[in-house]
Amino acid sequence: MPPPAPPTAPPPGPPARGPLSLHRPFLRSPLAPLRLGQLLLGAACWGTVAAHKYEGAAHFALFAAVLAWLLALALAGLSLLGRWALVPLLGGRWLLANAAHDLLLGAGLYAAAAGVMGHKAERNSYCNLRGYSQPCLYRAYLAAAVCAALAAALHLLSGLYCLARRCRGHRDIV
């Protein structure tokens, strides 16, 4: 009995198309709305933090939110254009790269940012009382914490989706 042939890997990306056209299977996949939600909530998180006075640990929260947002933007852009084969070392493992980004970086950084901003909101909760007339950052910190927590949840969902596809034997995000 001859030994089984080694499995051949599918091409790392969709076949070459025109200059820049949309990768329609990605748009129809569950990953596209998850990425859009991640981008919107991430922008709301870091925009809220950056628009208000921040100090101390909020610098880390801003850094974490912007880093996770920029990486999600890069993943979404490359996936939307179907050009992940252009990424050295990761293009052939795009599904695993997406899962690692979502579970380790995205969910982890946004969860840390949510914790930091939630703690800052709790420390400023005294100014949420009626009749308090001084400037108060409680609502801004709370809004940033909620946006970061929701973004972390979306990253967790998309990471689990990518892992489920991988466990079912798929080697691509669509």
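## Exercises on a predicted model

In residues 57–82 the end C-alpha atoms are 37 Å apart, and the span is 92% helix and 0% strand (helices, H or I, of at least four residues and strands, E, of at least two are DSSP runs, numbered from the N terminus). This is a predicted model, in which local features need pLDDT of at least 70, side-chain atom pairs count only at pLDDT 80 or more, and totals for chains, interfaces and linings use all residues. Residues are numbered from 1 along each chain as its sequence is written, and side-chain values use heavy atoms, with hydrogens and water left out.

**Exercise 1.** Determine which cysteines the disulfide joins, and its handedness.

*Solution.* 
1. A disulfide is a covalent bond between the sulfur atoms of two cysteines; here the criterion is a pair of cysteine sulfur atoms within 2.5 Å.
2. The S to S distance between Cys127 and Cys136 is 1.8 Å, and a disulfide joins them.
3. The torsion about their S-S bond is about 45 degrees, so the disulfide is right-handed.

**Exercise 2.** Classify Cys127 and Cys136 as buried, partly exposed or exposed.

*Solution.* 
1. Buried means under 20% relative accessible area, exposed over 50%, and partly exposed in between (1.4 Å probe, protein chains only).
2. Cys127, at 8%, is buried.
3. Cys136, at 32%, is partly exposed.
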